[in-house]
Amino acid sequence: MGASGGARRHEEAPVTTTKHLGAPGASGPSGTPGGPPVAGRATRQRAAVAAALEEVDEFRSAQDLHDILKHRGDSVGLTTVYRTLQSLADAGEIDVLRTGEGESVYRRCSGGGHHHHLVCRSCGKAVEVEGPAVERWAEAVAAEHGFVDVAHTMEIFGTCQDCADTQS
């Protein structure tokens, strides 16, 4: 349930879509063991995007990642960043979350298994959490309505303690 890697939807003001993706640090299609996997053709630009994702803990937009690359001196076009993120998402190597504003944001997650996220509305900090009760509830609701082969995602949005402390 939910480990299928396909796009899943949940209800949160505007609908948010998340793709859960695979384990970081595994050998990717580029065949480079130990480094970040890079879906598609192995190029310097794709490797730079994958490396930038390894450096950030929170979900980041393609624009944010492009800015990081620019400040590092990597010459990677914004279109290449978008294409690389899409191929990494399609390959199941990163998580994609659609924000309340409709923007896609990306992050390499620490585990390859099904999980959910707590996301700070202020700073974007994300914490991976497991929810066995949610898993049981989703299965029960699906079964009650005659659904099989179900998948789901759940993101919980709030304010992290650091942001709450600075706001008070």
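This is a predicted model: local features need pLDDT of at least 70, side-chain atom pairs count only at pLDDT 80 or more; totals for chains, interfaces and linings use all residues.
User: Okay, which residues of α2 are buried?
Analyst: In α2, which spans residues 62-72, the buried ones are Ala62, Leu65, His66, Ile68 and Leu69. These residues lie on the same side of α2, because they cover an arc of only 160° around the axis, the arc being that of the directions from the helix axis to the C-beta atoms. Buried means under 20% relative accessible area, exposed over 50%, and partly exposed in between, with a 1.4 Å probe and protein chains only. Helices (H or I, at least four residues) and strands (E, at least two) are DSSP runs numbered from the N terminus.

User: And what do those buried residues pack against?
Analyst: They pack against α1 (44-55), β3 (60-61), α3 (78-90) and β5 (104-107), where contact means heavy atoms within 4.5 Å. The face turned away from the buried side of α2 carries the exposed residues Lys70 and His71.

User: How do α2 and α3 sit relative to each other?
Analyst: They pack at an angle of about 120°, with their axes 9 Å apart, and are therefore oblique to each other. The contact is made by Ala62, Gln63, Leu65, His66 and Leu69 of α2 together with Leu78, Val81, Tyr82 and Leu85 of α3. Axes are lines fitted to C-alpha atoms, for helices over the stretch in contact, and angles run from 0 to 180 degrees between N-to-C directions. Angles under 35 degrees count as roughly parallel, over 145 as roughly antiparallel, 65 to 115 as roughly perpendicular and the rest as oblique.

User: Then what about α1 and α2?
Analyst: Those two pack at an angle of about 105°, with their axes 10 Å apart, and are therefore roughly perpendicular to each other. On the α1 side Ala48, Val49, Ala51, Ala52, Leu53 and Glu55 take part, and they meet Leu65, Ile68, Leu69 and Arg72 in α2.

User: Switching topic, is threonine 84 buried or exposed?
Analyst: Threonine 84, which lies in helix α3, counts as buried because its relative accessibility is 1%. Leaving aside residues up to four places away in sequence, threonine 84 touches Arg46 and Val49.

User: Now α4: which of its residues are buried?
Analyst: The buried residues of α4 are Glu135, Ala138 and Ala142. Seen down the axis of α4, they fall within an arc of 65°, so they line one face of the helix. What covers them includes β6 (116-120), whereas the face turned away from the buried side carries the exposed residues Arg136, Trp137, Ala143 and Glu144.

User: Last one, what comes after α4?
Analyst: α4 is followed by glycine 146, whose phi is positive, near 75°. Aspartate 149, in the loop between α4 and β8 (155-158), has a phi near 50°, a positive value in a residue other than glycine. Aspartate 149 is exposed, with a relative accessible area of 79%.

Note on methods
Residues are numbered from 1 along each chain as its sequence is written. Side-chain values use heavy atoms; hydrogens and water are left out.
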